[in-house]
Amino acid sequence: MTTYQLRCLLLLVTGLFALSGASCPQTLRQYTNPLPRVLPASPSVEQVVDVVNRNSSGIQSFSTNRASISGAGFPSLTASIAFQRARRFRLQAGTGFGAELDLGSNDDLFWFWVKRSQQPGVYYCRHDQFATSQARQITPFEPQWLIEALGVVEFNGSLPQHMKFLPNDRVQIETIRDTPEGPVSKITIVDGSQGWVLEQQSTMFAAGS
């Protein structure tokens, strides 16, 4: 597996988390009576941020052994995922023939191992050193973003948040983050009633834009 394929795999893992986090609110809506609104009909960005952060603060841990990962360039993988506050998570994935991926984080550092990497080995880095480390050449996203992609989203109140209303009682919040590679736009789609995170995506601005 080339460095490019490895980057794609790690990005795909992020996408898997985001999809997994978006499924729960939809399931709740199908099998429960309508819940009373937590957010007003036309909330302010501060109200949405407050409710999303409060929802996330109530999540202490979760786990599943029924996840799956699939994509071009590698076989379909079965996976287990576990999360515990604040930075502890682990994803292990493989096939019937053995392990293929081990990705995780604890309070001090994060690591990843991919069986099909061109340079086999366990890569790891301290959280406080990531911004200036060579790990950025392989993982184009902050390790904390993986936890956010699990659905445990906590907005940083010191960053500007731009909000707009979407159809079907949804709200979009765009956050601009500065990274060593340039500014990154993070879009978060939120349920306009309960403040559940439904979808996330990040885009790096092109140079000169």
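Author: Let's start with a turn: S4 is joined to S5 by a hairpin, through 3 residues. Keep in mind that this is a predicted model.

Reader: What makes S4 and strand S5 (residues 109-114) a pair?

Author: Two strands pair if there are at least two bridges between them. S4 and S5 are joined by 5 bridges, so they pass that cut-off, and they run antiparallel.

Reader: Why is strand S4 (residues 98-105) called largely enclosed?

Author: Because 6 of its 8 residues are buried, the rest of the structure largely encloses the strand.

Reader: Glu100 sits in strand S4. Is Glu100 buried or exposed?

Author: Buried. Its relative accessibility is 6%, and the label applies under 20%.

Reader: What does Glu100 touch, leaving aside its neighbours within four places in sequence?

Author: Leu77, Ala93, Gly94, Thr95, Trp113, Val114, Lys115 and Arg116 are its contacts.

Reader: Now Leu109, over in strand S5. Why is Leu109 called partly exposed?

Author: The buried label needs a value under 20% and the exposed label one over 50%. Leu109 comes out at 23% relative accessibility, so it counts as partly exposed.

Reader: Which residues is Leu109 in contact with, beyond its neighbours within four places in sequence?

Author: Tyr124, Cys125, Arg126 and His127. Take Arg126: it is 17 residues from Leu109 in sequence, yet their C-alpha atoms are 4.0 Å apart in space.

Reader: How many aromatic pairs turn up in a search of the whole structure?

Author: The search gives 1. It is Phe62 with Phe83, and the pair is called tilted because the ring planes sit at 35°, with the ring centres 5.3 Å apart. Under 30 degrees would have been stacked, over 60 edge-to-face.

Reader: What makes that pair a tie between separate parts of the sequence?

Author: Phe62 belongs to strand S1 (residues 61-71) and Phe83 to strand S2 (residues 74-84), so the pair ties together parts 21 residues apart in sequence.

Reader: Which residues have the most contacts inside the largest nonpolar core?

Author: Ile69, Phe83, Phe89, Leu91, Ala93, Leu101 and Leu103, in a core of 20 residues. The elements giving it two or more residues are S1, S2, S3, S4, S5 and helix H3 (143-149). S2 supplies the largest share, 4 residues. Another core lies apart from it, with 12 residues that include Leu39, Val49, Val51 and Val190.

Reader: Stepping back, what does the chain consist of in secondary structure?

Author: It has 3 helices and 10 strands. From the N terminus, the order is α-α-β-β-β-β-β-β-α-β-β-β-β. Of the 209 residues, 41% are buried. The chain exposes about 11800 Å², and carbon and sulfur atoms supply 52% of that.

Reader: Which elements have the lowest and the highest mean pLDDT?

Author: Helix H1 (residues 3-31) has the lowest, at 43, and strand S7 (residues 161-166) the highest, at 94. Across the chain the average is 75, and 69% of the residues score at least 70.

Reader: Where does pLDDT stay under 50?

Author: Residues 1-12 are one such stretch, with 33 contacts in the model beyond four places in sequence. Residues 14-29 are also below 50, with 22 contacts beyond near neighbours in sequence. Where pLDDT is low, the predicted coordinates should not be read in detail.

How values were computed
Residues numbered from 1 in each chain as written. Predicted model: local features only at pLDDT ≥ 70, side-chain atom pairs only at ≥ 80, totals over all residues. Heavy atoms only, no water. Buried < 20%, exposed > 50% of the residue type's maximum accessible area, 1.4 Å probe, protein only. Areas by Shrake-Rupley, 256 points an atom, 1.4 Å probe, with all protein chains shown as cover. Contact = heavy atoms within 4.5 Å. Phe/Tyr/Trp six-rings, centres within 6.5 Å; stacked < 30°, edge-to-face > 60°. pLDDT = per-residue confidence, 0-100. Core = buried A, V, L, I, M, F, W, Y, C linked by side-chain atoms within 4.5 Å.
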